[in-house]
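Hi,

Here is the structure I promised to pass on. Have a look at it first, and my notes follow below.

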Amino acid sequence: MYVITGATGNIGSKIADSLLAKGEKVRVIGRSKERLQRFVDKGAEAAVGDLNDGAFASSAFTGATAVFAMIPPDLAARNFRAHQNEIGENIAAAIATSGVRYVVNLSSQGADLSEGTGPILGLHDQEARLSGLSGVNILNLRPTYFMENLLMNIPLINQKGIAGSAVRGDQRFAMIATRDIAAYAAERLVKRDFVGNTVQDLLGQRDLSLNEATAVIGRAIGMPDLKYVQFSYEDAANGLVEMGVGKDLSRLFNDMSKALNEGLFAVNRPRTRDNTTPTSFEEFAETFAEYFAHAAPRKAA
Ligand SMILES: NC(=O)c1ccc[n+]([C@@H]2O[C@H](COP(=O)([O-])OP(=O)(O)OC[C@H]3O[C@@H](n4cnc5c(N)ncnc54)[C@H](OP(=O)(O)O)[C@@H]3O)[C@@H](O)[C@H]2O)c1
C-alpha cells in the first residue's frame, strides 16, 4: 500500500494516477471526500482528514509500505513557518508510530541552507526532523522551482499584458515540470532502493531565465511580444497579497526571490543525467496555453 499526501495537488495527484495505472494499492490523503473521489473511482482508498491532526496522520500512514510525504502549503497562514512546523512534526510522528520503513519526502533546492530562503526553511527543518527517525529509509527529493509557479502570472498577463515577479529577468536557474517530479517519485516509491537518509536533486530539463521563459510562453499563447518585468520586492509582495496570499508568506516569497537573485540556490548546480528530467519548458508552455485559454479574460477596459 502506497500512501500519498497532497493527493489532489500538483505532484501527489500525478503520483497517485501513475501508481493506480500500474495496478498498485494506493491510499490518497486529502481534506475533501469529493476531491479524492476520482482516485477512489480508479481503485484507491481515501483517507479524508487534515494533516494538522496528528492522530489522523498516524492512522492514515498505518499499513503503508511506503509514503510520499509533503508539507502542503497554506498560502493564507498567519504564521507560515509555524504551519510548516506543525504539519512537519505530525508527519514525522506519524512515520514513527505507523512503523513505515520507506518515505519519499518532497523537499526543495535550497533545503541544505539554514537561512535566507523563505518558505524553503520549513523543508530544511523537515529534512532534519526526518533524519532523526531511526529504522526509516528516507529519500529527500530536492526539486527546483516549479514551472507551474508561472501560472500565477495569468491574471497579470490578462490585466496588464506583462508577466513579472521580484526575480531578476536575466538570472538563469533550473525549472522543473511537476509531472517530472511525480514520475521520479513514483518510480522510487516502487523500487524502494534507498537506504538510510539520502538526497536527490531534480533540476528539470535545462536552466533558463524568466526573460527566456516569458518569451516561450508569449509565443505559446499568441502574444509574441509578451515581456517579463522585474518588480520591486514591495510591489511583488503587494501583488501576491491582492491574489490572496497571506502577508507572512508574501514576505517569505521575497526572501526566496532574493536568494534566487543572489544565486544562492537553483543556480550553477552541476547538471548530470541523474538530476536532469525530460519535460522542456516549451512542452510546459503548451500546458500554460491551455490554462490561459480557460482563464476568464480580465483585461482592464
Ligand atoms: N513551488 C515550487 O517551486 C516548489 C519547489 C520545491 C518544493 N516545493 C514544495 O512543494 C510542495 C507543494 O507541492 P504541490 O505543488 O504538489 O502541492 P499543492 O498543489 O499545493 O497540493 C497540496 C495538496 O495538499 C492538500 N492539503 C492542503 N492542506 C492540507 C492539510 N492541512 N491536510 C491535508 N491535506 C492538505 C490539498 O488538497 P485538499 O485541498 O484536497 O486537501 C492540496 O491539493 C510544498 O511543500 C512546497 O514547499 C515547491
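In which sense do strand S1 and strand S2 pair, and over how many bridges? S1 (residues 2-4) and S2 (residues 26-30) are parallel partners, joined by three bridges. Within this pairing, Ile-4 has Val-28 of S2 as its bridge partner. Pairing here requires at least two bridges found by DSSP, and elements are DSSP runs numbered from the N terminus (helices: H or I, at least four residues; strands: E, at least two).

Before going on, please note that this is a predicted model, with local features needing pLDDT of at least 70 and side-chain atom pairs counting only at pLDDT 80 or more, while totals for chains, interfaces and linings use all residues. Residues are numbered from 1 along each chain as its sequence is written, and side-chain values use heavy atoms, leaving out hydrogens and water.

The open sheet has seven strands, with parallel pairing, in the order S3-S2-S1-S4-S5-S6-S10. Its edges are S3 (45-48) and S10 (197-202), each of which pairs on one side only.

Now the helices. The axes of H3 (residues 54-61) and H4 (residues 80-98) come within 8 Å and cross at roughly 45 degrees; axes are lines fitted to C-alpha atoms, for helices over the stretch in contact, with angles from 0 to 180 degrees between N-to-C directions. H3 is therefore oblique to H4 (under 35 degrees is roughly parallel, over 145 roughly antiparallel, 65 to 115 roughly perpendicular, and the rest oblique). Residues in their contact (heavy atoms within 4.5 Å) include Phe-61 of H3 and Ile-91 of H4.

Best wishes
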